[in-house]
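This briefing is intended for a reader who is new to protein structures. Please keep the sequence and the model in view while reading the points below.

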Amino acid sequence: MKAAVDTLSLMPPIVFAGECDLLRQRMAAASRGEAFVLQGGDCAETFAAATADNIRDRVKTLLQMAAVLTYGASVPVVKVGRMAGQYAKPRSSNTETREGTTLPAYRGDMVNDFEFAEAARTPDPQRLVRAYHASTATLNLVRAFTTGGYADLRHVHEWNKGFVSTPANAAYEKLARDIDKAMKFMSACGADFDAMRQVEFFAAHEALLLDYERPLTRVDSRTGKLYDTSGHFIWVGERTRDLDGAHIDFITKVHNPVGVKLSAKSDPAYIEKLMDLVDPDREPGRLTFITRMGAGQIRDALPGVIEAATKAGSAATWICDPMHGNTFESTSGYKTRNFDDIVEEVHGFFDVHHALGTVPGGIHVELTGNDVTECLGGADKILDADLNKRYESVCDPRLNHRQGLELAFLVAEMLARD
């Protein structure tokens with residue numbers, strides 16, 4: 001372990017402090033309703049899937065979703081990829097048993113391999129270094145895509161027109177036509193489309209393995225403050241957010257914008273104590289609450305949490321993760337989610353914020369740019385019997401490309417009603 005940590009401590013940063021500061025400004029705008037955050041990407045990245053085509057397709061999906069959300073919200077969309085670092089996953093069990101054989105659980109490619117074999121499941125510290133190189137390569141390619149013309153708004157809009165041209169997605173054609181009219185209006189007015197050829201794009205992941213995060217934490221030469229340079233935005237998950245735990249202690253020390261996941265089990269009394277540790281000065285853009293409560297629980301569980309945060313002077317950004325609270329095992333034995341439940345949780349998130357007069361600041365979704373069959377439903381009506389066709393996730397089920405776009409159109413309609 002020491003050799004891997006020592007190697008990481010000598011590596012160049014993956015992101016820069018100034019970029020993290022810019023994202024803090026963008027997250028602050030979202031907390032005021034002046035922007036909307038789209039966080040999305042793989043449940044767990046793998047080294048094998050870190051190919052140019054896969055990275056391009058994930059970026060393309062997020063760009064398409066962001067274009068639709070921008071029109072619906074009439075504010076900028078902050079694009080944050082769940083990528084270039086999401087190589088570790090918490091697991092509820094330390095072991096996995098198959099046909100009488102018990103091995104260590106798969107904890108992400110940063111720790112061990114998904115293959116069910118003793119050698120593959122044995123943790124290897126050198127995987128931390130391999131994750132660094134994979135993350136660097138991923139983000140380098142993302143930067144090229146988002147600054148080299150691939151993200152041109154005109155291209156993105158044409159992709160979306162193709163999406164709504166199919167019978168299954170005809171319900172979203174009106175919104176697409178409205179966007180098309182807006183684009184033509186901008187062109188007629190002489191809008192500078194060259195300025196729309198590039199987009200800001202930020203990288204985020206769960207700060208789970210502190211042996212990876214700590215050696216990549218550096219002192220900014222401009223300010224003397226500490227930044228975790230493994231990603232622009234890092235979050236602490238539901239399993240590791242103990243107030244006296246190492247993960248919360250870590251994020252109190254870095255100047256990145258940070259997030260904390262909150263489930264339906266969250267105690268409102270916990271919120272103020274957390275804020276005092278992580279965001280004592282109540283700075284907009286510093287702290288994001290990512291709620292993951294489930295479609296059937298969010299309307300009951302979320303109000304008390306928001307009210308506790310508001311009473312304590314919160315300046316936090318609120319983001320809805322409609323994925324993790326809606327996971328179940330299908331009849332055929334696959335871990336899955338229902339698209340309708342995902343949409344219903346987002347509806348509940350908006351409804352609660354509207355009732356309380358607070359700001360729904362964004363969504364956080366697990367998705368891929370590929371045509372996988374991992375989540376049930378959607379306009380293409382994926383059924384339980386379809387899950388085995390292209391179930392490729394090594395951990396949690398993800399929305400496929402078309403389901404991600406459909407969700408964006410539905411959320412855009414929610415935003416347009418505000």
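Helix α1 (residues 2-10) packs with helix α5 (residues 126-147) at an angle of about 25 degrees, their axes being 7 Å apart. This is a predicted model, in which local features need pLDDT of at least 70 and side-chain atom pairs count only at pLDDT 80 or more, while totals for chains, interfaces and linings use all residues. Residues are numbered from 1 along each chain as its sequence is written, and side-chain values use heavy atoms, with hydrogens and water left out.

**The helix pair**

- Two packed helices are described by the angle between their axes and the distance between the axes.
- Axes are lines fitted to C-alpha atoms, for helices over the stretch in contact, and angles run from 0 to 180 degrees between N-to-C directions.
- Helices α1 and α5 are therefore roughly parallel to each other (angles under 35 degrees count as roughly parallel).
- On the α1 side the contact (heavy atoms within 4.5 Å) involves A3, A4, T7 and L8, which meet Q126, L128, V129 and Y132 in α5.
- The residues of the contact of α1 with α5 divide into six nonpolar, two polar and no charged.
- In this classification Ala, Val, Leu, Ile, Met, Phe, Trp, Tyr, Cys and Pro count as nonpolar, Asp, Glu, Lys and Arg as charged, and the others, Gly among them, as polar.
- Helices (H or I, at least four residues) and strands (E, at least two) are DSSP runs, numbered from the N terminus.

**The barrel and the hairpin**

- Eight strands close into a barrel with parallel pairing, in the order β1-β2-β5-β8-β9-β10-β11-β14.
- On average, neighbouring strands of this sheet are turned by 25 degrees against each other, direction ignored.
- Strands β5 (residues 202-206) and β8 (residues 233-236) pair in the parallel sense over three bridges (two strands pair if DSSP finds at least two bridges between them).
- A204 stands opposite F233 in β8.
- Strands β3 (residues 95-98) and β4 (residues 101-104) pair in the antiparallel sense over four bridges, and E96 stands opposite L103 in β4.
- The hairpin formed by β3 and β4 has two residues between the strands, and E99 in the turn has a positive phi of about 50 degrees.

**The pockets**

- On a 1 Å grid over the protein atoms alone, a pocket is an open set of points with protein on both sides within 12 Å along at least five of seven lines, and lining residues have an atom within 4 Å of a point.
- Grid points are joined across faces, edges and corners, and a volume is the space filled by probe spheres set on the points.
- The volume of the largest pocket is about 650 Å³.
- This pocket is lined by 28 residues, of which A66, A67, T70, K79 and L153 are the closest to its centre.
- Helix α3 provides six residues, the largest share of the lining of the largest pocket.
- The lining of the largest pocket has 21 nonpolar, four polar and three charged residues.
- The second largest pocket has a volume of about 470 Å³.
- Of its 25 lining residues, E238, R239, R292, H324 and D396 are the closest to the centre of the second largest pocket.
- The lining of the second largest pocket divides into five nonpolar, eight polar and twelve charged residues.

**The cavities**

- A cavity is a set of grid points where a 1.4 Å probe fits but cannot get out, and the count comes to two cavities of 30 Å³ or more.
- The largest cavity holds about 40 Å³ of space, and its lining has two nonpolar, five polar and three charged residues.
- The second largest cavity has a volume of about 30 Å³ and is lined by G85, Q86, Y87, A88, M110, E206, L208 and L209.

Technical notes:
Angles under 35 degrees count as roughly parallel, over 145 as roughly antiparallel, 65 to 115 as roughly perpendicular and the rest as oblique.
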